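Please keep the coordinates at hand while reading.

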Amino acid sequence: MPGSSSYRPAVADGNRHSSKMCANVLGVLKSLFGKPFDGGKRMDNGGPQQQQHMEQQQPYHPQHPAMMRLYEVQKEVASLGPQVCTFSGLQNDRDYKRLERELTRLLLEVDQVDTEGKPELQGARKRAAQEVEGLLRYLEENATHPSRLAIEDLSNEARALVDDRVVAPQRAGGVAEINDELVDALQGLILKLTQVKTEGRVPLRKARYRALTRLCAIQDVVEGRTQQQTLSLPLSGETHEAVHRINQVMVKVSVARSQLVALLMGLSGRDSCAHLSRLLTEMQVELDALDVSGNAAIRNYRKQVVEEINGLLKHVDLEVEGDDTRRYDLAQNNSIREIEAVRAHVVHLREGILRHCAVGDLSFRPKAELQSLLTHLDQVDTAKNPCIREARRRAVVEVQAVITFLDLREALARRQPGPAEHPAHRAVWLVLGSLSDLQAQVLGFDGKRVDKSYMMLEELLTKQLLALDAVDPHGDEMTKVARKQAVKFAQNILNYLDMKTDEWEY
C-alpha cells in the first residue's frame, strides 16, 4: 500500500477479484465447461447471464452417454473447485496430494469419454479437459508461488527459533530461554511476513494470515511470560493453605505454555489443541474451587494465574483460524477502512497544498487538520494485527511528511539571514531550500521505482546528502545542529519515497 493514491484502487480491485473468485466458482463450473479455467479471472463474471449464454451454445443432446458422463465429471469438479481456490498449503501437504489425485483422475476420465467423432461432443470434452487442467494449474501455481515459499521459509525460521529457545529446553527438563531478545526476533519475523506480496490471491493471503496469527500468538504468550517473571511469585506455602495448590497450578501453566508454543509452531506430534484446552479448563476449575476468602493477597495471586490461563486459552483455537475470508481479506476490516479514509483525506489536503505552493501561495496551511488526523490514527484499533499496525504506521508517515513540508516552507519564508551569519550555516540553509523543492516533487510523485523520475529524485536527494556532508561547520555549534537536522530531513524524504514505491499490501 504505497503512499500514492493511485495504488489503492488496484489493491481494492485485487481484493474484490479474489473474493469473487471463490464466491462464484460453483456458478461458473455449473456452466458445463464453457471456457477453460483461468485461475479465477473469468469468475468475476460468473453469473446467470453467462450461464444462459453458455447453455445456448450446447446444441447436442444432454441424454447422450458422453454428455451424461461429462455432467457427472462437472459435478465432481464443482465440489473440488472451491477447495482448490482456497487451498493455502504446499505440494507435500496431504490435501494438495488429494486434490491433485482427484483432479488427475477426472482428467483421465474425461480423456476416456467416447465422442464418436462428433464435433459437438469433441468440443465439450475438450472444454472439460481444459477446465480440469486449469484447476490443476491453479493449484500448483499457488503451492509453488515464490511468495508462498517465502512464507514457509519465514515460518521455518520462526519454528527453529522457538524450538531452540522454548520447546527443546522445556522437554529436556530445563527452563525456556524467554527474554526480550526472543521477543524482538519474533517481531522481526512478523514484520517480514507482513511484507510478503500476495498479489491478491486468496490462497496466499490465507497462508500469510495463518502464519501471522500463529507468530503473533506466540509473541503474545512470550511477552505475557516476560511480564510474569517480574512479579514476586509464587508466594510462600506457609502464607495460606491454598497457596501450595496455586503454586502447583502455576507449574502446570508453565508446562502448558511451552506445549501451546509447540502446537502453534507444529512442533508437537502427540498433543492437540483440544487436549490442551481441556487441561487449561481443568486448571481453572481447580482454582475456582479454592477458598481464598478473607485474604486479598491470595485472591490477587489466584486472579493473576487465572488471567494467564485465559491468555493461553484464547490461542488454542487457531487450528481453523483463517478459514473465514473476512479474517485475511483486510480490505473488509473496519480499522483498515478508517485508515484508508484518513489517507484519502491526506491526499486531498496534500494536493491542495502543492497547488498553492506551486504559485507561491503559503496561505493554505491545514496543520490543525493534519494534527487531528494523527490523533484519529492513534485511536484506530489494530487488534494487535501486524498488518493493520503497519498500515497505520504508513498512514502516520504520510501525514507527518506533509506537516514537515509545511514547517520547512514556513521556516524558509520567515528566514532573514544577517550579514554576520556563518557561511557554513548559510550553506546548510541553501541545501534545505533545495530539499524543500525536492520534497514537493516527492509528495506529488505517483510512479514506480523503475520510472526515470524516481531515479532522478533519488539521485538529487543523494546529492543533497553529499552537499551536507561537505559542509564544514568550523566548530560552529549552531551549524552542527542545523546540518544534523538537515541530514535527518533528507533521509526521511528518501525513506518516504521508498515507502511510496515499495508496493506494500495489507
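## Packing of H10 and H12

In this predicted model, helix H10 passes helix H12 in a left-handed crossing. The contact draws on Val243, Ile246, Asn247, Val249, Met250, Val253, Ala256, Arg257 and Leu260 from H10, and on Ile298, Tyr301, Arg302, Val305, Glu308, Ile309 and Leu312 from H12. Sorted by class, the residues of this contact comprise 12 nonpolar, one polar and three charged.

H10 spans residues 243–264 and H12 spans residues 296–313, and the two pack at an angle of about 20 degrees with their axes 10 Å apart. Angles under 35 degrees count as roughly parallel, and H10 and H12 are therefore roughly parallel to each other.

## Packing of H16 and H19

Helix H16 (residues 386–414) packs against helix H19 (residues 477–500) at an angle of about 140 degrees, their axes lying 11 Å apart, which makes H16 oblique to H19. The crossing of this pair is left-handed.

On the H16 side, Arg394, Val397, Glu398, Ala401, Thr404 and Leu408 take part, and they meet Phe489, Tyr496 and Met499 of H19. The class count for the contact of H16 with H19 is six nonpolar, one polar and two charged residues.

Two cavities of 30 Å³ or more are counted, and the second largest cavity holds about 30 Å³ of space. Its lining is formed by Leu362, Phe364, Arg365, Leu406, Arg409 and Glu410, and by class this lining of the second largest cavity has three nonpolar, no polar and three charged residues.

Definitions and conventions. Residues numbered from 1 in each chain as written. Predicted model: local features only at pLDDT ≥ 70, side-chain atom pairs only at ≥ 80, totals over all residues. Heavy atoms only, no water. Axes fitted to C-alpha atoms, helices over the stretch in contact; angles between N-to-C directions. Helix = DSSP H or I, 4+ residues; strand = E, 2+ residues; numbered from the N terminus. Parallel < 35°, antiparallel > 145°, perpendicular 65-115°, else oblique. Left-handed = near helix turned anticlockwise from the far one by under 90°. Contact = heavy atoms within 4.5 Å. Nonpolar A, V, L, I, M, F, W, Y, C, P; charged D, E, K, R; others polar. 1 Å grid on protein atoms, 1.4 Å probe; cavity = no way out; pocket = protein on both sides within 12 Å on 5 of 7 lines; lining within 4 Å. Points joined across faces, edges and corners; volume = space filled by probe spheres on them.
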